[in-house]
Amino acid sequence: MTQDSVHAPGQDQQPVLVIMGVSGSGKSTVAGILAGQLGWDLEEGDDLHSPENIEKMASGIPLTDDDRWPWLDTIASWIIEHTMAGIPGIITCSALKKIYRDRLREKNVVFVHLSGSKEQIARRLTSRMDHYMPATLLDSQIATLEPPGPEENTVVIDVGRTPAEEAAEIVRRLGLSPAAGSSALGHPRPGTSSAGTSAAGSDG
């Protein structure tokens, strides 16, 4: 199911995308495809977790809100850095609750919700051997998820197709295009930030 509540980005500034959804929905893969196609800055939200949070998740212990707030603030700093500089970007973040998304919300942010059935996501999650989130936490994530409502600047992308098809739908629905000032197409590491020297508040 899709939503049409998204404010179309202005011609003069492309958005910052927050690729959201439960673990296993394909956030990193889709974000990587988009960054490669558009040459936009890319940040993996999971890489911004503290060592303590990573240890808890690897042990199968769900994070509390107190665990998440410093992490969300770090993600928000990355987003603000880019919106202030007028540079588009892509960052992955589960953003399961509305109060989390409220922490990340900026005028030029679009939340891209990768949504699928528990069975679809469980299959994806169990096939991943390089991630610290055990499949046993999927039930906890699904229980925590508050799907974005029509008042939020969100597009909902159904998983179950190839990541390339999902990325193509995002580009089409949001009218995305490579923008001056973002990482160059073909850059060996598109995640290298272009905004670090353009705005204050960099989280490093």
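The following exercises, each with a worked solution, concern the structure shown above.

The structure is a predicted model, in which local features need pLDDT of at least 70, side-chain atom pairs count only at pLDDT 80 or more, and totals for chains, interfaces and linings use all residues. Residues are numbered from 1 along each chain as its sequence is written, and side-chain values use heavy atoms, with hydrogens and water left out.

**Exercise 1.** Determine where E152 is found and which side chains its own side chain contacts.

*Solution.* 
Step 1. E152 is found in the loop between α6 and β5; helices (H or I, at least four residues) and strands (E, at least two) are DSSP runs, numbered from the N terminus.
Step 2. With a relative accessible area of 2%, E152 is buried. Buried means under 20% relative accessible area, exposed over 50%, and partly exposed in between (1.4 Å probe, protein chains only).
Step 3. The side chain of E152 makes a polar contact of 2.8 Å with that of R101, and another polar contact, of 3.0 Å, with the side chain of R105. A polar contact is a pair of N or O atoms within 3.5 Å; within protein, one must be able to donate a hydrogen and the other to accept it, and residues adjacent in sequence count only if both atoms are side-chain atoms.

**Exercise 2.** State whether N153 is buried or exposed, and which backbone oxygen its side chain reaches.

*Solution.* 
Step 1. The relative accessible area of N153 is 17%, so this residue is buried.
Step 2. The side chain of N153 reaches the backbone oxygen of V109 at 3.1 Å.

**Exercise 3.** Describe the largest nonpolar core and the elements that supply it.

*Solution.* 
Step 1. A nonpolar core is a set of buried Ala, Val, Leu, Ile, Met, Phe, Trp, Tyr and Cys residues joined through side-chain atoms within 4.5 Å.
Step 2. The largest such core has 19 residues, and I170 is one of those with the most contacts inside it.
Step 3. At least two residues each come from β1 (16-20), α1 (27-38), β4 (109-115), β5 and α7 (163-174). The most, 5 residues, come from α1.
Step 4. Another core, of 17 residues, lies apart from it and includes A95 and V109.
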